[in-house]
Amino acid sequence: MEMHDLCAVALRETRSVLATAIKVEGHAYRKQGVSMLITEDGRMYGSISPGCLENDLQARVSRVLEMQQLELASYDMRPEDDFSWGETIGCGGLVMVLLEPICGELRDMMKQMRQCLDAALAVSLLRSFNEDYTNVTYSCSKVESVKSAEPGQEHYLTANEQTECSKNDLALSCLPNLAVRNNPWNLPQHFTSLYTPKPRLIIVGAGNDVVPVARLSQSAGFRVVITDWRESLCTLERFPDVELVHGFPQEVFPQLNINKYDYLILMSHQFPREREWVELLKGSNCNYAYLGIMGSRTRTARLFDGLPPLQHVHSPVGLPIGADGPEEIAVSIVAELIAARRKPATVKSALVTEKRSSAYANDRNRSGGWQE
């Protein structure tokens, strides 16, 4: 779960704590800077470890909320017999976790962060500690332009690193009384986290095979938009917690304002409508990050007949894992979305990608609607 989601959860929960891994050395399950949210009654949103740290963190929540002060938790798992905090994990890493009560100025700041992220603006959050680590100052800024950052990516910087961006301050607040004195872990005085909006996945089509794709894509951190001209299919009962845009291609295309960070999948199984989408994409010269097309290679070639090739095309959509049935095909599709999002330079885009195995590409029936 990313900061975009955590901000939304924080605003609906009355008593909760933000836990952030502010220092990671050696092997660890998650990277430095990752956050999770823990409520007073024990509910957890996101994760810092595969489950070995969360129970101990949860046990600290009541004290953090009662005292209304920050706390640092240290988990040194580098020794093979790491009994220092009652567990033998053997991960081989050191994780320092900062726990912050979500109240007052921090709560207001997370509200502002969510507003920026909802508006597709990146935000940075700066924590500045004084020399003896008895006081922390927060500064939140909206980022007008970000270099080398894709939507949904979270970057964690130390005092010696700078964000390559222009920014405008949103708020400045102070929360005193950190529960650790004299900085025994030699932590830097400043921590900057850069958060970008969730990447948007636009799925053209609302058939039954879209349901697991939408669900898994949401779990993978995508903001999902589904568009279809068939009103009976495009409903919140079928697709809870997604954005629905009902209408024909010519009607909805101007509303979507497709940009270079968007991911698109054509899986309506309606050839004429998808041809309209291809023509609209080509005619508008809009940029996008990914275009997946459900169907065989022959069908995709017919879909593009007479048109110059589009960029970032993945056809047949999904990684070649031998998927069979809607659920497995959804896994292959979302896996490819994650690969394209995390390592865009290593995921090749072409009209027909040669990485697909012949058995996967030739079976027109596995997607429930491949056609020539």
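Predicted model: local features only at pLDDT ≥ 70, side-chain atom pairs only at ≥ 80, totals over all residues.
Trainee: What is the strand order in the open sheet of six strands?

Mentor: The order is S13-S12-S11-S14-S15-S16, and the pairing is parallel.

Trainee: Which are the edge strands?

Mentor: They are strand S13, residues 243-246, and strand S16, residues 313-314. Each of them pairs on one side only.

Trainee: How do strands pair in a sheet, in general?

Mentor: Strands of a sheet pair through backbone hydrogen bonds, and the arrangement is either parallel or antiparallel.

Trainee: How many bridges join S14 to S15?

Mentor: Four bridges link strand S14 (residues 263-266) with strand S15 (residues 290-293), and the two run parallel. Opposite Tyr263 stands Tyr290 in S15.

Trainee: Which strands does helix H4 lie across?

Mentor: Helix H4, residues 210-219, lies across strand S11 (200-204), strand S12 (223-228) and S14. Its direction is at about 160° to S12.

Trainee: And what about helix H5?

Mentor: Helix H5, residues 249-256, lies across S11, S12 and S13, and runs at about 140° to S13.

Trainee: Where is Asp262 found?

Mentor: Asp262 is in the loop between H5 and S14.

Trainee: Is Asp262 buried or exposed?

Mentor: Asp262 counts as buried because its relative accessibility is 2%, and the cut-off for buried is under 20%.

Trainee: What does the side chain of Asp262 make a polar contact with?

Mentor: The partner is the side chain of Arg200, at 2.6 Å.

Trainee: Leaving aside neighbours within four places in sequence, which residues is Asp262 in contact with?

Mentor: Asp262 is in contact with Arg200, Ile202, Asn257, Tyr288, Ala289 and Tyr290.

Trainee: A change of topic: how many residues does the largest nonpolar core have?

Mentor: The largest nonpolar core has 30 residues, and Met3 and Met113 are those with the most contacts inside it. Elements that each supply at least two residues of this core include helix H1 (3-12), strand S1 (16-26) and strand S10 (190-195).

Trainee: Which element gives the largest share of this core?

Mentor: The largest share, six residues, comes from H3.

Trainee: Lastly, where is Val95, and is Val95 buried or exposed?

Mentor: Val95 is in strand S5. Val95 is buried, with a relative accessible area of 4%.

Trainee: How are Val95 and Ser49 placed, 46 residues apart along the chain?

Mentor: The C-alpha atoms of Val95 and Ser49 are separated by 9.5 Å.

Definitions and conventions
Residues numbered from 1 in each chain as written. Heavy atoms only, no water. Pairing = 2+ DSSP bridges. Contact = heavy atoms within 4.5 Å. Axes fitted to C-alpha atoms, helices over the stretch in contact; angles between N-to-C directions. Core = buried A, V, L, I, M, F, W, Y, C linked by side-chain atoms within 4.5 Å. Buried < 20%, exposed > 50% of the residue type's maximum accessible area, 1.4 Å probe, protein only. Polar contact = N/O pair within 3.5 Å; in protein donor to acceptor, adjacent residues only side chain to side chain.
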